Amino acid sequence: MKHFVTMQDLSEQEIYQLIRKADHISQNGAKPLNGQYFAANLFFEPSTRTKMSFVVAQRRLGIEVLDFMTEVSSVTKGESIYDTARTFESIGANVLVLRHSEENIARKLAEAIQTPVINAGDGTGEHPTQSLLDLVTIYQEFQQFKGLKVVIAGDIKHSRVARSNAIALSTLGCKIYLTGMDSWKDESLDFPYITMDEAVEMADVLMLLRIQHERHQDHLSLDQNSYLQTYGLTIDREKRMKKHAVILHPAPVNRGVEIDSRLVECDRSRIFKQMKNGVAARMAVMQSLLNQGGNFYEEDFNQRQ
Ligand code: CP
């Protein structure tokens, strides 16, 4: 693995290796890397948990963090992303973490430079490290993926989380269903649409999505309560979920819109566990890209097939 920009690049075995590596780190921690490494976190869009969990992951691995703030960088003088990335590469960055509003930009950058690029969210494209932490959270719950019914619910069309997870979960053998408003359907994702009432009774994993207001072309005036009642997870719907079913949400959560605020920390919610797993998932990705930590789960994976 040279870059980590899309879940499409990964085989089932490679995804499993990363999940098991991240799961191992989440339970046992990881030693700092051998040698001196620098990481540049290039966030051109706002972030709380992705950016900060990368920083924690980097510091736990002993990687020096080159923080970057667009508003006081030479981007304000018109420097391109490519030239910014080449600059960090020239001064010794060993890994670049990129969040940007333009779909596919991480892949384009990865094709143009030698330094490993990690996609931390590219517009409506993909968010593969969010997907990995979601997979780790599901794995910790069910210890496998084959045949699990996963419903991805909400603003499918504008969600990079939906796309990365749909790709990865189908590679792993899950049964995927989508639910949401007609105008937010994404024809590029070829999975059946169901209603939220069907979803809560069917799902082993109910993966809620944030409404991506910042990516909507038209200003949509939503009555929050009527959205919650029609498309969201209400108290009544949560009661109809299977006993073992869990709720995921990448956050930040629009409380009272995608989910009743009282359910954000309910027994079956794994929302804050996802965030905790985000650190281990990002450590696993950086270990792999920097060729540290080994692929010590390969033999175990082969035995499980
Ligand atoms: N889930 C997620 O990407 O959150 P941030 O935008 O806060 O990084």
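**Figure 1. Buried residues and the overall fold.** Buried residues make up 45% of the 305 residues in this protein; "buried" here is a residue with 20 or more other C-beta atoms within 10 Å of its own, "exposed" is one with 12 or fewer, "partly exposed" is anything in between, and the C-beta atoms are placed from the backbone. Keep in mind that this is a predicted model: local features need pLDDT of at least 70, side-chain atom pairs count only at pLDDT 80 or more, and totals for chains, interfaces and linings use all residues. Residues are numbered from 1 along each chain as its sequence is written. You'll find 11 helices and eight strands, which are DSSP runs numbered from the N terminus (helices: H or I, at least four residues; strands: E, at least two). The radius of gyration is 19 Å, close to the 19 Å from the globule rule for 305 residues, so the protein is as compact as a globular protein of that length. That radius is taken over C-alpha atoms, and the rule is 2.2 Å times the number of residues to the power 0.38. The C-alpha atoms fill a box of roughly 55 × 50 × 30 Å along the principal axes.

**Figure 2. Where α3 meets α4.** Helix α3 (residues 81–90) packs against helix α4 (residues 105–112) at about 50°, and their axes are 11 Å apart. Axes are lines fitted to C-alpha atoms over the stretch in contact, with angles from 0 to 180 degrees between N-to-C directions. The two helices are therefore oblique to each other (under 35 degrees is roughly parallel, over 145 roughly antiparallel, 65 to 115 roughly perpendicular, and the rest oblique). On the α3 side, look for Ile 81, Tyr 82 and Ala 85; on the α4 side, Ile 105, Leu 109 and Ala 112 make the contact, which needs C-beta atoms, placed from the backbone, within 7 Å.

Figure 3. Asn 104 sits in the loop between β3 (95–100) and α4. Its phi is near 80°, a positive value in a residue other than glycine. With 16 C-beta neighbours inside 10 Å, Asn 104 counts as partly exposed.

**Figure 4. Ala 251 and the cis bond to Pro 252.** Most residues other than glycine have a negative phi, and most peptide bonds are trans. Ala 251, though, has a positive phi of about 65°, and the peptide bond from Ala 251 to Pro 252 is cis, with omega near 5°. Pro 252 lies in the loop between β8 (246–248) and α10 (271–289). Ala 251 has 17 C-beta neighbours inside 10 Å, so it's partly exposed.

Definitions and conventions: Two residues are in contact if their C-beta atoms, placed from the backbone, lie within 7 Å.
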